[in-house]
Amino acid sequence: MSTLDAVRDYRRHRLRALWHSTIGKKYVAAISGLILAIFVVLHMLGNLKALEGAGGGHPAVDRYAHFLRTVGSPVLPHDFALWTERGVLILALVLHVTAITQLWLRNRAAKPSGHHIRRVRSTIPARTVRYSGVLILAFVVFHILQFTTFTIHPTAMVRGTVYANTYGAFHAWWLVVIYVGAVTVLGLHILHGLWSGTQTAGIDNPDRNWFWRRLAAAVAVVTVIGFAAVPILFAANVLPRPVTEAARVDPAAHR
């Protein structure tokens, strides 16, 4: 075996050992969670383009969606950057769910049977993090099926008309409830995830924990408000009606 092959085998062995260790899984969960959190914040900022309104038939959010599909063109193929982003997110999501699940199973197996362990200073986001994760995963699937693949379309959907699609969808009160409820759960998950991530990274300290807690809370609150604003403002008729023919659907039909 050559020296290069020996180095590669050694690195693979170290990576496997790291993955199988508890601290390694915590690092994977923290890093993948951070990647997902960054995407969530950027996605929220992109959604806020809807607040610019119908744009005389050329809504800003539609132009933003077109940009995402054509970024790098003509050098890169159509949707290349978008699918690259999706690939990274899918990988991060799989690693995050896998690491968190295995950590939970490992912790559960380590608990003495028949003994109740009293929680110390446990917060609601911490106690519900597993359940919020399952709810968020279910919501992501629903969201993709509704707005990406159009597999589920309780309201009129036309490809390429993001503003019109969201206008019609969020005039159905039950969809507004689902989305606002989902982003509230997401905020609780982010709050716990960012705070626990500082502990995993070893940057928590009694002298500066107040800062990390407030930063996690600020990111969570801004994310919830930013996401919830769009469906609420559409439902309240604060945002104008789209002017595209494809979206001329009576919102009252979905109430």
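**A predicted helical chain**

H6 passes H8 in a left-handed crossing, a crossing being left-handed if the near helix is turned anticlockwise from the far one by less than a right angle, and right-handed if clockwise. The structure is a predicted model, in which local features need pLDDT of at least 70 and side-chain atom pairs count only at pLDDT 80 or more, while totals for chains, interfaces and linings use all residues. Residues are numbered from 1 along each chain as its sequence is written, and side-chain values use heavy atoms, with hydrogens and water left out.

Helix H6 spans residues 129-147 and helix H8 residues 173-201; the two pack with their axes 9 Å apart, at an angle of about 135 degrees. Axes here are lines fitted to C-alpha atoms, for helices over the stretch in contact, and angles run from 0 to 180 degrees between N-to-C directions. H6 is therefore oblique to H8, given that angles under 35 degrees count as roughly parallel, over 145 as roughly antiparallel, 65 to 115 as roughly perpendicular and the rest as oblique. The H6 side of this contact includes Val-129, Leu-135, Phe-139 and Phe-142, and among the residues they meet on the H8 side are Leu-175, Ile-178, Ala-182 and His-189; contact means heavy atoms within 4.5 Å. By class, the contact of H6 with H8 holds 12 nonpolar, six polar and no charged residues. In this division Ala, Val, Leu, Ile, Met, Phe, Trp, Tyr, Cys and Pro count as nonpolar, Asp, Glu, Lys and Arg as charged, and the others, Gly among them, as polar.

The protein chain as a whole contains nine helices and zero strands. Both kinds of element are DSSP runs numbered from the N terminus, helices being H or I of at least four residues and strands E of at least two. Of the 255 residues in the protein chain, 30% are buried, where buried means under 20% relative accessible area, exposed over 50%, and partly exposed in between (1.4 Å probe, protein chains only). Among contacts between residues at least 6 apart in sequence, 69% join residues at least 24 apart.

The crossing of H2 and H4 is left-handed. Residues of H2 in this contact include Lys-25, Lys-26, Ala-29 and Phe-39, and those of H4 include Glu-85, Leu-89, His-96 and Arg-106. The contact of H2 with H4 comprises 13 nonpolar, five polar and four charged residues.

What is the handedness of the crossing of H8 and H9? This crossing is right-handed. The axes of H8 and H9 come within 9 Å and cross at roughly 165 degrees, which means that H8 is roughly antiparallel to H9. The residues in the contact of H8 with H9 divide into 19 nonpolar, five polar and one charged.

Within helix H9 (residues 209-235) lies Val-219, a partly exposed residue with a relative accessible area of 26%. Leaving aside neighbours within four places in sequence, Val-219 is in contact with Val-41, Ile-190 and Leu-194. Although Val-219 and Ile-190 are 29 residues apart along the chain, their C-alpha atoms are separated by 7.8 Å.

Helix H3 has Ala-60, Val-61, Asp-62 and Ala-65 as its buried residues, and the elements that cover them include H2 and H7. H3 is followed by Gly-72, with a positive phi near 90 degrees.

Another non-glycine residue with positive phi, about 60 degrees, is Phe-150, found in the loop between H6 and helix H7 (162-169). Phe-150 counts as buried, at 17% relative accessibility.

One salt bridge is counted, under the rule that a side-chain nitrogen of Lys or Arg lies within 4 Å of a carboxyl oxygen of Asp or Glu. Lys-49 forms a salt bridge with Glu-52, their closest N and O atoms being 2.9 Å apart. Lys-49 is partly exposed, with a relative accessible area of 29%.
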